Amino acid sequence: MNLPVTPTGRRAALLPLCLLFLKTWVPAHSYLYNNRYAGDKVIRLVPDSEREAQALNAIFNQLTVDLWQPSSVFHISEGTVTDVHVPGNSSQILLPYLQQANIKYTIIISDLQKAIEKQSGLRSCRNRRSVPGYNYEVYHSLEEIQSWMYHLNKTHSDLVHMFSVGKSYEGRPLFVLKLGKRTRPYKRAVWIDCGIHAREWIGPAFCQWFVKEALQTYQSDPAMRRMLNQLYFYIMPVFNVDGYHFSWTNDRFWRKTRSKNSQFRCHGVDANRNWKVKWCDEGASFHPCDDTYCGPFPESEPEVKAVAHFLRKRRKQIKAYLSFHAYAQMLLYPYSYKYATIPNFSCVETAAYNAVNALQSAYGIRYRYGPASSTLYVSSGSSMDWAYKNGIPYAFAFELRDTGHFGFLLPETLIKPTCTETMLAVKNITMHLLKKCH
């Protein structure tokens, strides 16, 4: 049996991964995060008037709250479904305020600490054997994911080539897997990234699932064989490596990158507001402490700059850009920064319609689909709009399960159904690419 090579280059002993990566494992998988979320709540509100929306805006700006949906207070208006993580001390002020203002709310998660512990269930080592028995139905730390990539690169060299597009702010390599049969020198390609936002763990789980399915079904599934023979897939399982690592060790609900700001103590930039397309316009913030902070300038984040550079160099080859987020159950396409119809609307809309129908055929889960600006909200500087503006004709952003019952804490039992149905949508979009759409 081939032993996996760890990212440091040392051969791993035959140990369960939970012992193999003890260094990151202990703080991350005590899963207690120093009990920092004890007594925190997640509540849902739907303001039924502009007056209520303005009242929420005002109180959220005064209190320390963490918006789950939408991503910024600017998007809260009449009828907006608003999910907010309220720390224990803030809930003692917020809940009476809501009652007094007669704003209805429901408590989705009554104790966030308990929900985190329940989601992960303090898994036994038996659940996470070393790489040859890699478990795709659990969430994996960054180090585990990178070790898995090394292992596939070694054991599936006919279909997999692993490389780095650059380094993160904290110096971590930005690994990408190139998937496909080397049938001819030039092939069209599809780019897939997951984990732009650190707390959206189901994203990286899907990227890993896609690679697994591609490798396991290449021989048996004619559609997959055609996909890998005719196209290359560039898969980036974790885009925001620093943020993702931080969400395992320090703050489960961290969203941004981890870059430092010289004037503020706040860390990080929203990696999906940092692209050079209507940068820092509507739906993005200039304030470094906000979750939608656009950064000091476009491509200020080394992760964004590295991927943009890679995509720019291959813009003629790459025909589809797919980015995976959570949560909302939506399939979005451009534009995100404005209400306007894209030139190739009919082809893209047909692909989206067929993809959500394919997805629904698995478990009956309905996805909304449409232009991001009108289906979700207006946001500028997004990777999807950038990809489209740079000549990639099919640019999509998936918002995976669920619609708020679990939010960012999607249980591991739902990884398999979520990835299975999403796989059908991605295959559908890819097969659409292989046909000519006029």
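A cavity is a set of grid points where a 1.4 Å probe fits but cannot get out. In this predicted model, the count comes to 4 cavities of 30 Å³ or more. The largest cavity has a volume of about 280 Å³. The second largest cavity has a volume of about 50 Å³. A pocket, in contrast, is an open set of points. The largest pocket has a volume of about 900 Å³.

The largest cavity is lined by 26 residues. Nearest its centre lie N272, H325, L376, Y377 and E399. Four elements each supply at least two residues of this lining: strand 2, strand 9 (318–326), helix 13 (383–389) and strand 12 (394–400). Strand 9 provides the largest share, with 3 residues. By class, the lining of the largest cavity divides into 11 nonpolar, 10 polar and 5 charged residues.

The largest share comes from helix 6, which supplies 4 residues. In the lining of the second largest cavity, 8 residues are nonpolar and 1 is polar. No charged residue takes part in this lining.

Attention now turns to the open space. The largest pocket, of about 900 Å³, is lined by 29 residues. Those closest to the centre of the pocket are T64, V65, D66, C289 and D291. Two elements give two or more residues to the lining of the pocket, namely helix 3 (50–62) and strand 2 (66–69). Helix 3 gives the most, with 3 residues. The classes in the pocket lining are 13 nonpolar, 8 polar and 8 charged residues.

The lining of the largest pocket has 8 of them, the lining of the largest cavity has 5, and the lining of the second largest cavity has none.

Terms used:
Residues are numbered from 1 along each chain as its sequence is written. This is a predicted model: local features need pLDDT of at least 70, side-chain atom pairs count only at pLDDT 80 or more; totals for chains, interfaces and linings use all residues. Side-chain values use heavy atoms; hydrogens and water are left out. On a 1 Å grid over the protein atoms alone, a cavity is a set of points where a 1.4 Å probe fits but cannot get out, and a pocket is an open set with protein on both sides within 12 Å along at least five of seven lines; lining residues have an atom within 4 Å of a point. Grid points are joined across faces, edges and corners, and a volume is the space filled by probe spheres set on the points. Ala, Val, Leu, Ile, Met, Phe, Trp, Tyr, Cys and Pro count as nonpolar, Asp, Glu, Lys and Arg as charged, and the others, Gly among them, as polar.
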